[in-house]
Amino acid sequence: MATLVYTDASHPDFIALVQELDAELRVRDGADNAFYAQFNTISTIRYAIVAYVDGQPAGCGAIKPFEEGKMEVKRMFTYPAYRGQRVAEQVLTALEAWAAELGAVTCVLETGTRQPEAIRLYERTGYTRIPNYGQYAEVSNSLCFEKQLNQPAS
């Protein structure tokens with residue numbers, strides 16, 4: 001079980017994890033990377049989670065406001081050494097709960113066709129495919145998903 005730290009984009013371990021994510025995506029996305037990179041800056045992210053396993057940073061994820069009642073999941077990453085241990089699932093579940101606490105009723109996200117592990121994670125955790133939105137609308141290598149959130153009891 002990972003220990004989760006709720007933070008923002010200024011956290012040094014979040015920054016380091018995102019740098020590793022970006023390096024991996026440059027390889028996976030190849031020539032398409034520059035297009036995706038412009039939408040993945042972290043300077044405006046106010047809601048981020050860093051997961052630690054045995055005191056070591058293992059993974060991360062973030063949410064940001066998308067539109068009324070919706071948050072967008074961004075910057076999901078797990079170091080290869082921790083993959084298969086459900087770190088990303090823990091981060092995602094915590095992000096969804098945080099989004100609900102902030103008033104969101106839905107989470108949306110975009111991932112790439114070259115990220116089969118991410119696609120499996122999102123499908124396994126209840127996300128369903130939706131038409132590609134916004135800047136991804138005409139991008140054949142993008143897949144968009146959404147999930148209705150359970151609202152916290154009031």
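What follows is a working chat about a predicted model.

Reader: Ground rules before we start?

Author: This is a predicted model, where local features need pLDDT of at least 70, side-chain atom pairs count only at pLDDT 80 or more, and totals for chains, interfaces and linings use all residues. Residues are numbered from 1 along each chain as its sequence is written, and side-chain values use heavy atoms, with hydrogens and water left out.

Reader: What is the nearest cysteine sulfur to C60, and to C144?

Author: For C60 the nearest cysteine sulfur is that of C107, 16 Å away. For C144 the nearest is also that of C107, at 14 Å.

Reader: Is C60 buried or exposed?

Author: Buried, with a relative accessible area of 1%. The cut-offs are under 20% for buried, over 50% for exposed and partly exposed in between, with a 1.4 Å probe and protein chains only. C144 is buried too, at 0%.

Reader: Switching to the sheet. What's the strand order?

Author: β1-β2-β3-β4-β5-β7-β6, an open sheet of seven strands with mixed pairing. Strands (E, at least two residues) and helices (H or I, at least four) are DSSP runs, numbered from the N terminus. Two strands pair if DSSP finds at least two bridges between them.

Reader: Which strands stand at the edges?

Author: β1 (3–7) and β6 (128–130). Each has a single partner strand, so one side of each is left without a neighbour in the sheet.

Reader: How many bridges join β3 to β4?

Author: Seven, and the two strands run antiparallel. I63 stands opposite V73 in β4.

Reader: Which strands does helix α4 touch?

Author: Helix α4 (residues 116–124) packs on the sheet and touches β4, β5 and β7; contact means heavy atoms within 4.5 Å. The direction of α4 makes about 160 degrees with that of β5. Axes are lines fitted to C-alpha atoms, for helices over the stretch in contact, and angles run from 0 to 180 degrees between N-to-C directions.

Reader: And the largest nonpolar core, how many residues?

Author: 31, with I63, V73, M76, L95, Y122 and Y127 having the most contacts inside it. A nonpolar core is a set of buried Ala, Val, Leu, Ile, Met, Phe, Trp, Tyr and Cys residues joined through side-chain atoms within 4.5 Å.

Reader: Which element gives the most to this core?

Author: α3, with nine residues.

Reader: V91, then. What does V91 touch?

Author: L4, I49, A51, C60, G61 and M76, leaving aside residues up to four places away in sequence. V91 lies in helix α3 (residues 87–101) and counts as buried at 1% relative accessibility.

Conventions
Disulfide = S-S within 2.5 Å.
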